Amino acid sequence: MTDNTSDIRPTTPSDASGGATPAASPSSVPPSRPGTPAKPAKPPRPRSVSSTLITAFVIVVLLAIGLGGALWAQRRQAMKTGQEVAARLDQMNRELALARQDGRQALALAQAQTNQVADLEGRIRDVQTQNSALQQAWQTFSSGANDEILVNDVERMVTLASQQLRLAGNVNNAIVALETAQSRLAQADRPRLAGLQQSINGDLDRLRAVTTVDIPAQSARIERLIALVSRAPMLVPDDAAPNPQPDDYKTDATPAQPAAAPVAELPADAPWWQRWRVEVESWPSRAGQAVAHELGDLIRVQRVDEPAALLLSPEQAATVRSTLRQRLMTVQLAMLMRQQPIWKTELDNVQDTLARYFDTRSPDTAAARALARDLSQVEIAVKVPDVSDSLSTLAALRAAGNQADGQD
């Protein structure tokens with residue numbers, strides 16, 4: 001049997017120290033015997049265990065230090081985030097508490113307003129109930145007394161129209177009063193008062209057909225006459241017209257004074273003695289014209305029907321003017337009172353005074369006399385109808401109402 005064990009080489013000192021023994025070179029390996037299998041090569045020896053452990057320990061320590069730092073930073077970040085989240089939660093809690101408090105206040109206010117609205121609705125219902133009761137009572141009262149109240153109002157208007165016609169003769173005021181009564185009857189629309197409405201319509205038609213006097217226009221004419229009387233000159237100068245001049249009375253129709261006698265024309269080369277002769281011949285005519293002009297300013301010839309008018313003093317002249325103004329005021333009152341005789345008499349007296357004491361050549365005097373004459377011809381006493389039909393119908397309604405009350 002063949003021994004397959006290999007030779008074992010003694011251990012060298014390097015082996016004892018843990019170093020690796022270099023492999024034998026191929027030349028040092030003894031040749032194998034024929035038929036003997038070859039020995040496998042011996043593997044290299046590993047590094048030292050202690051150096052590997054130190055390296056691993058350092059790496060582990062470094063990893064532990066890095067991981068600890070990362071964990072510490074992460075923990076610090078987590079703590080900071082937690083603090084922020086806690087602060088936000090606290091703020092949200094406070095805001096939520098405020099919101100709850102505001103909500104409770106709003107709810108309380110809404111409840112109070114709801115109570116007030118309910119109270120107001122109750123009061124409105126009470127007022128509506130009272131209003132309905134009052135309307136029913138008014139309808140009950142009006143059904144029996146409304147006609148009587150309406151008749152009283154219409155009677156008052158008709159009586160006012162009758163007073164305006166009888167006392168002042170004012171047709172316009174009477175028409176206004178009757179139109180008011182007519183409108184009241186038209187709005188009421190009472191069949192029982194249809195006859196009264198027809199009577200008022202008939203009286204209105206008669207009053208509208210009356211020709212009335214234009215009071216404002218006639219008053220303006222009287223005021224103009226007063227102004228003319230105040231500035232018209234009298235025969236005796238006074239304070240109103242102290243010194244009337246004859247030139248003031250001249251008009252375009254007044255004939256011009258005769259011109260001076262023409263002087264005979266001489267040629268330019270006439271001798272001097274001819275010129276003197278013509279000049280001397282014109283002296284008498286010029287002297288006569290000068291004397292006539294001067295005497296005309298001193299002497300005035302005028303026809304006066306009332307010699308006493310020339311003897312009035314300035315105070316008496318002022319009294320005459322004041323009397324005329326008072327007469328014209330009386331004329332104005334007579335027009336308002338429709339007193340035709342007083343109107344006519346006073347205007348005739350004004351015309352007579354103007355013709356007797358005032359200068360008839362003055363345009364103001366002439367205009368005053370013409371205006372007074374025109375006013376005296378105006379008819380102010382217009383026949384005014386009455387409202388007897390309406391009054392009679394009202395009396396009949398009163399009598400019927402009293403008879404019905406007596407039967408009840």
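Guide: On a 1 Å grid over the protein atoms alone, a cavity is a set of points where a 1.4 Å probe fits but cannot get out, its volume being the space filled by probe spheres set on points joined across faces, edges and corners. This is a predicted model, in which local features need pLDDT of at least 70 and side-chain atom pairs 80 or more, while totals for chains, interfaces and linings use all residues. Residues are numbered from 1 along each chain, and side-chain values use heavy atoms, without hydrogens or water.

Visitor: How many cavities of 30 Å³ or more does the search find, and what volume has the largest cavity?

Guide: The search of the whole structure finds one of 30 Å³ or more, and the largest cavity has a volume of about 30 Å³.

Visitor: What makes a residue part of its lining?

Guide: A lining residue has an atom within 4 Å of a point; among those lining the largest cavity are Gly169, Val171, Thr211, Arg338 and Val384.

Visitor: Which residues of helix 10 are called buried?

Guide: Thr365, Ala368, Leu371, Ala372, Leu375 and Ser376 are buried, that is, under 20% relative accessible area (1.4 Å probe, protein chains only). Seen down the axis of helix 10, the buried residues fall within an arc of 135° (directions from the axis to the C-beta atoms), so they line one face of the helix.

How values were computed
1 Å grid on protein atoms, 1.4 Å probe; cavity = no way out; pocket = protein on both sides within 12 Å on 5 of 7 lines; lining within 4 Å. Buried < 20%, exposed > 50% of the residue type's maximum accessible area, 1.4 Å probe, protein only. Helix = DSSP H or I, 4+ residues; strand = E, 2+ residues; numbered from the N terminus.
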